[in-house]
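Hi,

Here's the structure I promised to pass on to you.

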Amino acid sequence: MKHFECGKLDRIIGGILKNLVCKGLCPDGIWQLSDAVKSVLSYQISRLPRRDVSETDTRYPVNPTSMRAFLSVFFTRHFFQSQNSLIEYMTSQDFLNIVDSGNLRILDVGSGPAVASLAVTDMLACLLENLEYVEEWPKGKTVKITYVLNDTSNICLGTGQDMLCNYFRMRTGHTKSIMNNHMISINHAFPDNMSQLQRVRLNFGTYDIIIFSYVILPLNEENGFSGLVDGLLNIERLCSHRGRVLVLQDKFQTTLVLRMSKAIGVSSEKQVLTQQVYPKRNDNEVYTYVYNRCLYATVVKRKIVRQSSIA
Ligand SMILES: C[S@@+](CC[C@H](N)C(=O)[O-])C[C@H]1O[C@@H](n2cnc3c(N)ncnc32)[C@H](O)[C@@H]1O
């Protein structure tokens with residue numbers, strides 16, 4: 001197995017790799033779906049019935065009609081926000097060392113139809129394609145991905161599994177270096193499911209990327225603010241040494257995000273991205289969105305807490 005050489009890797013990390021991935025997924029600064037994800041999304045939408053649904057059902061799909069509405073309205077928006085938020089980390093040495101080990105474990109809490117998991121998967125496929133192009137990834141080597149999808153809505157879990165399986169089934173050149181190793185669905189609500197998440201970690205290893213995409217609002221409503229904070233603090237112990245926790249939420253919930261990030265001792269920032277709307281409503285429809293992001297390494301955080309308690 002060819003290992004990354006630090007000097008060479010640093011050169012690549014010095015922006016080249018990120019630029020290559022951007023060129024593939026975000027040409028001219030506009031995020032676009034890869035052909036593989038476009039096919040998976042169009043196929044899934046085409047199988048679902050079209051009918052008017054309420055705003056709440058569109059956000060929190062519980063049946064086939066609301067799932068269709070969610071996939072048409074929110075899928076790409078949240079998908080691109082995950083990619084935009086993770087591109088820096090996924091082209092960093094920490095992440096490259098994880099993929100070099102041959103395994104990646106993703107925990108997607110409030111996964112919906114596996115939106116963020118698909119975003120990470122597709123960006124990883126693009127990353128490995130580019131690493132191979134710059135001769136930093138041996139031909140034939142694969143990364144095995146373990147997915148833990150957690151959602152209280154069964155249609156979300158079922159659709160998420162279908163979409164991930166269809167993505168891998170396409171077996172385009174794009175996905176030849178990644179493998180769907182395990183897919184575990186948990187419909188027990190977070191954070192009451194902590195012991196289940198711990199058991200999965202014991203069996204499959206610590207999670208490398210833990211994602212809370214557009215779920216802290218319902219978690220706050222269901223468990224109260226202290227329940228949300230305790231859940232986030234407890235999940236930190238399940239995150240791997242080089243891993244990250246990602247929290248995403250829209251700009252209308254900035255107060256909640258600021259309160260939450262302060263309570264758990266991390267920073268949050270506003271991010272802006274421009275994306276192509278998909279499925280298309282008009283030709284070349286492009287939108288810019290502002291959203292909140294928290295991305296943190298739990299290992300760094302624990303070190304800071306330990307140091308400040310010593311001081
Ligand atoms: C707005 S959707 C976001 C879906 C996806 N993460 C995304 O970014 O598009 C929020 C999801 O969280 C799920 N959810 C709500 N409360 C939950 C809980 N306590 N545990 C797990 N999932 C929950 C809902 O069923 C819904 O599918």
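Keep in mind that this is a predicted model. Let's start with the overall shape: for 311 residues, a compact globule would have a radius of gyration near 19 Å, and the protein has 19 Å, so the two agree. Its C-alpha atoms fill a box of roughly 55 × 50 × 35 Å along the principal axes. There are 12 helices and 7 strands in the protein, and 54% of the 311 residues are buried. Also, if you take the contacts with a separation of 6 or more, 78% of them are between residues 24 or more positions apart.

Next, the inside. The largest nonpolar core has 64 residues, and those touching the most other members are Leu 71, Phe 75, Phe 79, Phe 95, Leu 104, Leu 124 and Tyr 167. Helix α7 gives the most to this core, 12 residues. There's also a second, separate core of 32 residues, with Ile 186, Phe 212, Val 247 and Ile 264 among them.

Finally, the largest pocket, which holds about 530 Å³ of space. Its lining has 31 residues, and the closest to the centre are Tyr 60, Gly 110, Tyr 214, Val 215 and Pro 218. By type, the lining splits into 16 nonpolar, 10 polar and 5 charged residues. At least two lining residues come from each of α7 (115–133), α10 (216–235) and β5 (239–250), with α10 supplying the largest share, 4 residues.

Cheers

Methods: Residues numbered from 1 in each chain as written. Predicted model: local features only at pLDDT ≥ 70, side-chain atom pairs only at ≥ 80, totals over all residues. Heavy atoms only, no water. 1 Å grid on protein atoms, 1.4 Å probe; cavity = no way out; pocket = protein on both sides within 12 Å on 5 of 7 lines; lining within 4 Å. Points joined across faces, edges and corners; volume = space filled by probe spheres on them. Nonpolar A, V, L, I, M, F, W, Y, C, P; charged D, E, K, R; others polar. Core = buried A, V, L, I, M, F, W, Y, C linked by side-chain atoms within 4.5 Å. Buried < 20%, exposed > 50% of the residue type's maximum accessible area, 1.4 Å probe, protein only. Rg over C-alpha atoms; globule rule 2.2 N^0.38 Å. Contact = heavy atoms within 4.5 Å.
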